[in-house]
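Hi there,

Here is the structure I promised you. Have a look at it first, and then read my notes below.

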Amino acid sequence: MRISEVLRRKGTAVMTIRPDATVRDMVRVLEENRIGALVVSEDEGKTLVGIISERDVVRELNRVGGSVLDEPVRNLMTTDVYTCVPEDELETLAHTMTEKRVRHLPVVVDGELQALVSIGDVVKHRIDELQAERDQLVDYVHTSYRST
């Protein structure tokens, strides 16, 4: 299965935040939308300049304390962002996420942000695939058993 198939089912909406927004604003957006990361963009999601996750905030909270909430997102965001394209295979993406220890990968085409895929999306689609295979096998066994 390719990323494009996942996006057809999931959709392509991406939550973004500006690099000059505060971490407090970022945390509020994460909580309101029940998500774990935001793409950092200066042009409302057309291009990405970074990504920031709840993990980034927790690490910095541990290091400097509550004052981190008043810092700009740009101070915590990851700028060396791993990305993928719609043609990438889901299995390849799963390996990349595991090896690089990232939970979110922006989908980029010709330098423009198209979507965001999370490890949860990967797991959900793998479970759906396994369920479909299971259903086919059960149906095959039942059909074969009835015809004997």
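Helices here are DSSP runs of H or I with at least four residues, strands are runs of E with at least two, and both are numbered from the N terminus. By that rule, Glu 5 belongs to helix 1 (residues 3-10).

Before you go on: this is a predicted model, so local features need pLDDT of at least 70 and side-chain atom pairs count only at pLDDT 80 or more, while totals for chains, interfaces and linings use all residues. Residues are numbered from 1 along each chain as its sequence is written, and side-chain values use heavy atoms, with hydrogens and water left out.

Back to Glu 5: its relative accessible area is 29%, so it counts as partly exposed (buried is under 20%, exposed is over 50%, and partly exposed is in between, with a 1.4 Å probe and protein chains only). Glu 5 and Arg 126 sit 121 residues apart in sequence, and their C-alpha atoms are 12 Å apart in space.

Now the inside. The largest nonpolar core has 14 residues (such a core is a set of buried Ala, Val, Leu, Ile, Met, Phe, Trp, Tyr and Cys residues joined through side-chain atoms within 4.5 Å). Among those with the most contacts inside it are Ile 17, Met 26 and Leu 38. Helix 2 (23-33) and strand 2 are the elements giving two or more residues to this core, and helix 2 gives the most, with four.

Next, the charges. There are eight salt bridges (a side-chain nitrogen of Lys or Arg within 4 Å of a carboxyl oxygen of Asp or Glu). One of them joins Asp 70 and Arg 24 at 3.0 Å, N to O. Asp 70 is in the loop between helix 3 (54-64) and helix 4 (90-100) and Arg 24 is in helix 2, so this pair ties together parts 46 residues apart in sequence. Asp 70 is exposed, at 53% relative accessible area, and Arg 24 is partly exposed, at 42%.

Happy browsing!
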